[in-house]
Every structure is written in C-alpha cells, then in structure tokens.
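Subject: Structure for you to look at

Hello,

I am passing on the structure we spoke about. Please look through it first; my notes follow below.

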2 protein chains.
Amino acid sequence: MTHTASPTDAAYVAVDWGTSSFRLWLIGRDETVLAERRSGEGMTTAARTGFAAVLQSHLAAISAPEDLPVLICGMAGAKQGWVEAGYLDTPAALSAIPAAAVRVPGVAADIRILPGLAQRDSAAPDVMRGEETQLLGAAAELGNGDHLVCMPGTHSKWVRLSAGKVEGFSTFMTGELFDAIAKNTILSHAVADAGAIAPDNAAFRAAVTRMVANPALATSQMFSVRAGSLIAGLSSDDAKARLSGTLIGLEIAGALSLAAKDTPVTLIASGSLGMLYEQALAAAGLAPTVIDADTAVRHGLAAGAKALWSL
Amino acid sequence: MTHTASPTDAAYVAVDWGTSSFRLWLIGRDETVLAERRSGEGMTTAARTGFAAVLQSHLAAISAPEDLPVLICGMAGAKQGWVEAGYLDTPAALSAIPAAAVRVPGVAADIRILPGLAQRDSAAPDVMRGEETQLLGAAAELGNGDHLVCMPGTHSKWVRLSAGKVEGFSTFMTGELFDAIAKNTILSHAVADAGAIAPDNAAFRAAVTRMVANPALATSQMFSVRAGSLIAGLSSDDAKARLSGTLIGLEIAGALSLAAKDTPVTLIASGSLGMLYEQALAAAGLAPTVIDADTAVRHGLAAGAKALWSL
C-alpha cells in the first residue's frame, strides 16, 4: 500500500520487525504515514536472506530518500537478529528506551534498533522485545498513575506500569500453549474441525470464569475438554472455546494476582485476538481501556524517533 | 518371567491392558503369582493385531489351562478396545466395580473386562479406566475414612475417597503436557539435552512450592524457563526440573483445592515417577502413604476375581 504524498516530505522510517512479520512505515514531517509496507520477512526469514537486503528492498519499493534515519523495534535486535540491542533492566522508565537504541554499524544511513526489557528476578526471570515500544506508544494515552497493561499474543505480556515506569512484567505462554495442546495432545481429537471462537461463546466465558475462581484446576479443566467430548457430547467448537478460555482465564488470574486490586487495566491488541481478550476480561469482571496495537507500536517508534533525532 | 509352580494350581488370569502396555499374571489358588508376562502390546497395538490373538499368545507362552477365567482392566474396555465395558458413574462404591464387568462374547473361556469410572459433571466431566482397579486393590490397605489418592502418569488421577466410595476425581494432563511443551514449544531449546531429574533438584522443589503458593502463574513460570536460560544461565537440567515442578506443583495445588484440609494423602505409584511425586508432595508439605502401583492393580484384579468367581 503506497500513498501518493511525495517522499520528499519524509522525516524517518519506522520498522516493527518481529519473529515472523515485517512492517515498515514512511513517516512525514507532520507525522502522517506517507507509505506502509507489510510482509512475512520476519527475523526467521531475514536471518537467512539478510536484514540489510530486506530493509533495502522495502525502502526501494516506496522510493524512500537514501539518507533517512530508520528506527527499528522487535526481534531484529535479538541475539539471533540483525544487531543485538540488549535489554533495559526493570524497573525501567519508558522514556529511557530510545537513548538505549543500538546503531547498525557499517551502513551509511542512521539505522537504530531499540532494546528489549529484562526482568532479572531469579523466581520470575522474564524478557520482552517489541512490546516495550507499544508501551512507549501508549504512554501518552495512559498518562501517569498505576496501570496493568495486557498485550496478548503467542507470548502474552502483562506489564505493571507506575508513573511511566515498568515496575515488572510477566509473560504467559498462552498462544503457544494453545497451539501445542490443540495439535499435539489427546485434545486434538476434541478440537478437530472447530471453527473460530464466536464472540458470545458461553463455553469460553464459563472457562474463563472458572479459571479466575480456581486457577489451580487448569490442567484438569484441559482434560475435561477430552472427557466432555467423550461422555457429555461437547461439540468441537465448544471444546476449542473451553481450551482457549481455560488458558486465557489462567493468564488473567495470574496477572491479577501480581497487581494491586482495582488497578485499571488496558488492553493493547488488534483484530480477532483483541476481541477475544475483551470477552475474556469482561467474563473476569474487568472493563479495560482498549488501544490498537498497530497504532501503539507506530506511536512508540514516533516517540523514539523524536527523542533520538529531535524531529 | 515364568515361575516353576505347576499351572495346574492356577485359579485365574489377571490382565492390566493399557493404551501402550500389556501385563498378565497367572494367579494360583493360594493367591501366589505363578507366572507373569509383560509386553508393549497395549490397546493401540492390539486394535490392529487382534485382542484375542494377543491374549492367546501370552496364555500359550505360560501353558495356562484353557478353561481358566480371565479378568482384564484398562483400555481393553474402551470404545476403541476389545469390548466396550462402559463406566460406573460417581459417586461409586469400589465394591460395585467387579459386578459391572462385561463378558467377552463368542469365546469359550469366561473372559471379563472391568468398567471405568465416569464423573458426569458439566463443569468437570472426567473419566478413568484402569486406575479404578488400582483403587480397588488399595482399598483394604486404605481402610475406611476420607482419603485423597494420587495416581501419577500421562494423565494423573486424584481421587476423593470416602468410606470405600469414590466421591469424585480429577484428571490432570501433567505427563502429556510435559512432553508436548518440552517438544513443541520455545522451551524445547532450554530443556534439550537435559538428563533425568535428580531426586534432590532444588529447582524442581522451588517450582512445586511456587505453584502451591500461586498456581495462577503457571504459564508465566513456564516462560521463565525460557527467559532463565536466555538471561540467567539456567542449565538445561534445571530448566527441565523447573518445567516438571511447575506442572506437578500445579496438579497438587489443584487436587488439594478440592479436598478438605488435612485429608490424608496416598500415592499409588512405582519407579522414578513415584520418587519424583514423593519429592513434589514433600515440597508441598505432604507426607503421603505410598502404595506400589503394580501391586495395587494386581490386588484389584484379585479382589474382582474373588467377587466374580467365588475363588
């Protein structure tokens, strides 16, 4: 998708470079999006074909001026990425993230990669890479005070934010566990042929509610998906909804256990996953503020670019 | 393994026929084991090669008299097994199990398969097949009163027993989840090349203790296995122990949440898995009575044979 505005208005290039996805925006002096590129050339692909070449091909496709600065967040900064951008340790002020960006050496243009965050806690070591930029982008909308921020996905992140500082965070393997369990365990029979989870699925909501009430029964509730299909005629759609609700409900119960009661909850998400989490949070009695994840990461990169290049 | 006692002393044949294992004992009039057979011809194999043929080959190998009655428990009674033996619904008296055995039709010998147990509860539907016979075998040793009985495995069972009656039970997918997660998620890198979990592994005990204290953090503790290996030098042995302790600790927390405080706990298990669960239960502050699983199932089949054939 390429807009018609002249690339000569361009101020910088913003890139969200994940494990399996690549997104690039050409941003104008007035902060408008002049051009956008999306592809599947994430870290995994680019580690084979070359990060510089992937970036160059997308810049050429939108005729970006050669001397534009480029700010990147995400897995391009991992050890297996382009240039390792390390981690800021928690507690970490979001405003400290841009200055910790690492410059890509050996190229003429000013290309920088933002760092991730690390929680060096022996009982709960944790890392994130990419989500810190979403947080930075959401910071203005969140304002000061205490916040509990949920960023769902393959590895869902829940962040305890206080006055613009990340006090701590927890990664829940929800999305990856759902896939591994649905594909590689006895539950695969029960969930085979299930469609997408309907927004008003009662089995999903009931599973979330049960996990918030008694999270210790998580792996027993999972087996009940199998037993339910064996002796109680549980449909594959409801089986899938029940497994998903169990994992998401367990995640919500865990995140709430680490935050002060009544801390306002913000959901940074997009699309069908965002809607599913809105349903789950409602079943858990929560009414989150919702911020679009795509907008948040772009705003985070904009905040970083402004801090680094006084744009 | 074949003993030298004459098969003419034989009273009946006992068979524990699981998903992937087959065990047969020739039992004498004085209840001694005259001969024993073990093989990998579980339900999965026998469903292809024929249940009658598998049983016959083992009976021939120990020269068992042709007219001996045979009592079978386990997956041979599943829908995909030899003859479906159905379920007894909870609450179920253990003493009612033998009379519910189903006779294999079309054969001269008196061959019967014991039923499983089903819990028809819409919030926690559950089934077991084989473990009910271990319970029956442990019943004399347990005596009356309330008991919480743990039978660990691929699908661990925890049974709430009161005066010889199964009030309810819960299956935790612990063993299967461990395999699926260790093989098919990002944790596979962290646990690759790990050896067996040492009996005094501190990472295992710490993970169990954390789950008993806050089970809601289960899937976050799983991700901490990855993060720990990334930023805190967690060894593969400790990574594996931490994943195992998290899943077993979650199971223990769940089972305890359903029983009255201070209900005595019995562990029916064998071998290295039994030792691992003893460690885990100790870390959770429990000192279980331990009953050998092999002996329990044989005693259960003996109790069934006595009830059915007045031996």
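In which helix of chain B does T133(B) lie? T133(B) is part of helix α3 of chain B, which covers residues 131-142. Please keep in mind that this is a predicted model.

T133(B) counts as buried because its relative accessibility is 0%, and the cut-off for buried is under 20%. Apart from neighbours within four places in sequence, T133(B) has contacts with C73(B), L114(B), A296(B), V297(B), G300(B) and L301(B).

The other notes concern chain A. To the contact between them, domain 1 of chain A gives 34 residues and domain 2 of chain A gives 26 residues.

Seven residue pairs are in polar contact across the interface of domain 1 and domain 2 of chain A. On the side of domain 1 of chain A that touches domain 2 of chain A, at least two residues each come from β1 (10-17), β2 (22-28), β3 (33-39), β4 (70-74), β6 (92-93) and β9 (116-119) of chain A. The residues of that side comprise 24 nonpolar, four polar and six charged.

Separately, a salt bridge joins E31(A) and K306(A), with 2.9 Å between the closest N and O atoms.

Regards

Conventions: Residues are numbered from 1 along each chain as its sequence is written. Chains are lettered from A and ligands numbered from 1 in the order in which they are written. This is a predicted model: local features need pLDDT of at least 70, side-chain atom pairs count only at pLDDT 80 or more; totals for chains, interfaces and linings use all residues. Side-chain values use heavy atoms; hydrogens and water are left out. Contact means heavy atoms within 4.5 Å. A salt bridge is a side-chain nitrogen of Lys or Arg within 4 Å of a carboxyl oxygen of Asp or Glu. A polar contact is a pair of N or O atoms within 3.5 Å; within protein, one must be able to donate a hydrogen and the other to accept it, and residues adjacent in sequence count only if both atoms are side-chain atoms. Helices (H or I, at least four residues) and strands (E, at least two) are DSSP runs, numbered from the N terminus. Ala, Val, Leu, Ile, Met, Phe, Trp, Tyr, Cys and Pro count as nonpolar, Asp, Glu, Lys and Arg as charged, and the others, Gly among them, as polar. Buried means under 20% relative accessible area, exposed over 50%, partly exposed in between (1.4 Å probe, protein chains only).
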